[in-house]
Amino acid sequence: MITVCRPILPLLLAASFLLPACGGDKSPGRLSMDLSLPLNWEDRIDMGVLSAPVSTAYIGTIGVRVTCGGVERSWEAPWVAGALSFEGEELEGSCDILVRAFTAGTVVMEDQLPGVTVGSGTDVRVSLELHESEGFSPAGSLIHPRQYHSAVPLSDEVLIVGGTLDTGVIESLSVTGRSVASAAYGCSLNEPRTRQVALHDPANNRVFVFLGGIDDSQYEIIDLASDESTFYVLNNIRRNFTPLMYGQDALLVSGYNSNDNWLINSIRLESTFLNESIISGVGLIVERTDANCSSIGNILVCLGGIDGTFYVNSIERFDLFNELALLQTSLIEAKRST
């Protein structure tokens, strides 16, 4: 006989198992169990990952499996049940216990305890602390609501940069145990930004932040060693360019000048001393915004984007070492970004 009782304390589920022993007149051994849940579990279940039909976090079912001497018996009870009873089997000996919590049919928490001796007339009480499993993933909240922000992964934290129009606060996300904590970083952006691009420069331990502000020619550099953000302005004014890291330098591909003329060239921004140089042989011939550019070795590949009306299907490639354009190809289907 199993009885699962609804907990009085929010983090404790008490379950009593009456396991009859083998043998005629022997009194049954009794196994009782205390289950504890992770702190603030309601705030940490990612319902989106579970594709659950409701957004409010919940635990659907508690499942228990006890295996004694090769004989296995399983029970399930709704988490909200006040009391449920199950028919037991005659089990005795060294028992392995597995407890799982299910949400939307997915195991979200579990714990197991091997080698629990259950004998005739013996009362045994064990404690299990359920921990995260499978669909149960740490989830938290940012300090400021954001859209189109940048996430910069570092060795022990993730910086959340931009994405708001009313604050320049940079947030630092860190994982402690099985929880995610968000706190204000040691400095803020000099200018609120959205749809910005943040590029990590590990060689100089800093982050470039381009675009997304009042003027695309104004950029910032976050010094990760001193927790300072410094404001800079490009000598070669341009807007709506495509930034990326090329080695230790930043590469700003094409864009528009102050007269709204398309620029078929790029800027190499030397990351140590911030010297700018124009690369005439590297730039998008096909006018577009929101292009996706990546460098693979010394080869730069740019594709996707929109020319204001239509999606662009051309793929442009460049030899960055020799600073020249290579043969163009095309996407089968035009895309805004890829």
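These legends describe close-up views of a predicted model.

**View 1. Four strands form an open sheet**. The strand order is β15-β16-β17-β18, and the pairing is antiparallel. β15 (197–201) and β18 (228–233) stand at the edges. Each has a single partner strand, so one side of each is left without a neighbour in the sheet. On average, neighbouring strands here are turned by 20 degrees against each other, direction ignored.

**View 2. β15 pairs with β16**. Strand β16 covers residues 206–210 and runs antiparallel to β15. The two strands are joined by 5 bridges. Look for Val 197, which stands opposite Phe 210 in β16.

**View 3. A nonpolar patch lies on the surface**. Its members are Phe 231, Val 233 and Ile 237. Together they have about 240 Å² of accessible area. Ile 237 sits in the loop between β18 and β19 (242–246). With 43% relative accessibility, Ile 237 is partly exposed.

**View 4. Leu 320 is a buried loop residue**. The loop runs between β25 (312–319) and β26 (324–325). Leu 320 has a relative accessible area of 4%, so it falls under the 20% limit for buried residues. Beyond its neighbours within four places in sequence, Leu 320 is in contact with Tyr 246, Leu 251, Val 282, Ser 295, Asn 298 and Leu 300. Gly 281 is 39 residues away along the chain, yet its C-alpha atom is separated from that of Leu 320 by 8.7 Å.

**View 5. Glu 110 and Arg 100 form a salt bridge**. The structure holds 7 salt bridges. In this one, the closest N and O atoms are 3.0 Å apart. Glu 110 lies in strand β8 (residues 106–118) and Arg 100 in strand β7 (residues 93–103), so the pair ties together parts that are 10 residues apart in sequence. Glu 110 is buried, at 17% relative accessibility. Arg 100 is partly exposed, at 30%.

**View 6. Glu 171 and Arg 146 form a salt bridge**. Their closest N and O atoms are 3.1 Å apart. Glu 171 is in strand β13 (residues 169–176), while Arg 146 is in the loop between β10 (131–132) and β11 (150–153). The pair links distant parts of the chain, 25 residues apart. Both residues are buried.

**View 7. Glu 316 and Arg 288 form a salt bridge**. Here the closest N and O atoms are 3.0 Å apart. Glu 316 belongs to strand β25, and Arg 288 to the loop between β22 (276–279) and β23 (292–296), so the pair ties together parts 28 residues apart in sequence. Glu 316 is buried, at 1% relative accessibility. Arg 288 is buried too, with a relative accessible area of 2%.

Note on methods:
Residues numbered from 1 in each chain as written. Predicted model: local features only at pLDDT ≥ 70, side-chain atom pairs only at ≥ 80, totals over all residues. Heavy atoms only, no water. Pairing = 2+ DSSP bridges. Axes fitted to C-alpha atoms, helices over the stretch in contact; angles between N-to-C directions. Buried < 20%, exposed > 50% of the residue type's maximum accessible area, 1.4 Å probe, protein only. Contact = heavy atoms within 4.5 Å. Patch = residues over 30% accessible without salt bridge, like charges linked within 9 Å, V, L, I, M, F, W, Y side chains within 5 Å. Areas by Shrake-Rupley, 256 points an atom, 1.4 Å probe, with all protein chains shown as cover. Salt bridge = Lys/Arg side-chain N within 4 Å of Asp/Glu carboxyl O.
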